[in-house]
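Q: I have a structure here that I would like to go through with you. Could you please bring it up?

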Amino acid sequence: MDAVNCELDLFCRAYMRANSGMPIRHSQMLVLEILCTMPGPHTPMMLADCMRVSRPMITAHLVALADLGYVSRVVSPDDGRSVIILPTKKGRKLYLEYITANQRFLS
């Protein structure tokens, strides 16, 4: 992560802490951001590698996001033992609201 993105990430974290209306944590929003902006397929291992966190940490985030209806898990068509993580319509909507609020705050 370069210095500009690091500063922007810190700013967004501060904004989320100040904005009590956000229903999820910043790290969970990062999972949604990856799902909504990066080409897939997205597996838990890929998400863990991308965020540089452990697989159990990603699993905890995915369970919480799935319980809230922001992501869904589907069996991989290539390998029936693995799953692909997809953002739901509700998850995409939350991510867009977050981006819009950040852009409005930055303006």
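Q: At what angle do helix α3 and helix α4 pack?
A: In this predicted model, helix α3 (residues 44–51) and helix α4 (residues 55–67) pack at an angle of about 110°, and their axes are 9 Å apart. Helices here are DSSP runs of H or I with at least four residues, strands are runs of E with at least two, and both are numbered from the N terminus. The axes are lines fitted to C-alpha atoms, for helices over the stretch in contact, and angles run from 0 to 180 degrees between N-to-C directions.

Q: How are α3 and α4 oriented to each other, then?
A: α3 and α4 are therefore roughly perpendicular to each other, a label for angles of 65 to 115 degrees; under 35 counts as roughly parallel, over 145 as roughly antiparallel, and the rest as oblique.

Q: Which residues make the contact?
A: P44, M45, L47, A48 and M51 of α3 meet R55, I58 and L62 of α4. Contact means heavy atoms within 4.5 Å.

Q: Staying with α4, is H61 buried or exposed?
A: H61, which is found in helix α4, counts as buried at 3% relative accessibility. Buried means under 20% relative accessible area, exposed over 50%, and partly exposed in between, with a 1.4 Å probe and protein chains only.

Q: What does H61 touch?
A: Leaving aside residues up to four places away in sequence, H61 touches R25, S27, Q28 and V31.

Q: New topic: how many salt bridges are there?
A: A search of the whole structure finds 1 salt bridge, meaning a side-chain nitrogen of Lys or Arg within 4 Å of a carboxyl oxygen of Asp or Glu. E97 forms it with K93, and the closest N and O atoms are 3.5 Å apart.

Q: Where do E97 and K93 sit?
A: They lie 4 residues apart in helix α5 (residues 89–106), so about one helical turn separates them. E97 is partly exposed, at 40% relative accessible area, while K93 is exposed, at 52%.

Q: And what is the overall pattern along the sequence?
A: The protein has 5 helices and 2 strands, in the order α-α-α-α-β-β-α. Of its 107 residues, 34% count as buried.

Q: What should I keep in mind about these values?
A: Residues are numbered from 1 along each chain as its sequence is written, and side-chain values use heavy atoms, with hydrogens and water left out. As this is a predicted model, local features need pLDDT of at least 70 and side-chain atom pairs count only at pLDDT 80 or more, whereas totals for chains, interfaces and linings use all residues.
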